[in-house]
Amino acid sequence: MQKILAKAGITMGALALAVGSVTAMASSAQANGASVVASFEGKKIDLSKGWGAAQACNVKRSGITCFRTTAESDKAARQAAAAGTFGAQGYCSTPLRLYEHGNYNPNGGRVLSFYDSGYWQNLGDWGFNDQTSSYRTGSCATTFAEHNWGGGAQAYVGAWVNDPAMGSGWWNDKVSSIWLH
């Protein structure tokens, strides 16, 4: 009986380890050409192949949800906050927002909102590599990197910072990965 329990313990431990590393594995798979599927109006879309009518996406470990407008994205985030999903370890209560155009998209560009902290996230996974022209950090500080997985030049930005021109243009369309602290 003890051998059976020991085997079950090892199996359960391996399962817990596997489940705990799904996020890191997903990012690795995405970097290797796997699809990045998001929910959009009841359908699934592969962001690495295009956003279609979606303009704003909320990226969380629990899934990626996209919307036609930033207002819809904001509403969904407020509803999640009211439901008490914020405050978990590795989670920012307000997101890092990356905008496709300068001045926070005055002409309707795309917006990516990131809530998860503690690991590198490659923007190419979401069809957003070298596309960031302005940003707003939320409750978590952020590091921008020039290449995937934090490679190349890096820039650390504190929480609650906004920049309509990506460091006066130096970082414009040069960010390939981010890390939320």
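Colleague: What share of the 181 residues of the chain counts as buried?
Modeller: This is a predicted model, in which local features need pLDDT of at least 70 and side-chain atom pairs count only at pLDDT 80 or more, while totals for chains, interfaces and linings use all residues. Residues are numbered from 1 along each chain as its sequence is written, and side-chain values use heavy atoms, with hydrogens and water left out. Taking buried to mean under 20% relative accessible area, with a 1.4 Å probe and protein chains only, the share of the 181 residues is 41%.

Colleague: Which residues form the covered face of strand 1, and which the uncovered one?
Modeller: Strands here are DSSP runs of E with at least two residues, numbered from the N terminus. Strand 1 spans residues 37-40, and its uncovered face holds Val37 and Ser39, whereas its covered face holds Ala38 and Phe40.

Colleague: What is the bridge partner of Phe40 in strand 4?
Modeller: Strand 4 covers residues 63-67 and runs parallel to strand 1, with two bridges joining them. Within strand 4, the partner of Phe40 is Cys66.

Note on methods. Buried < 20%, exposed > 50% of the residue type's maximum accessible area, 1.4 Å probe, protein only. Helix = DSSP H or I, 4+ residues; strand = E, 2+ residues; numbered from the N terminus. Pairing = 2+ DSSP bridges.
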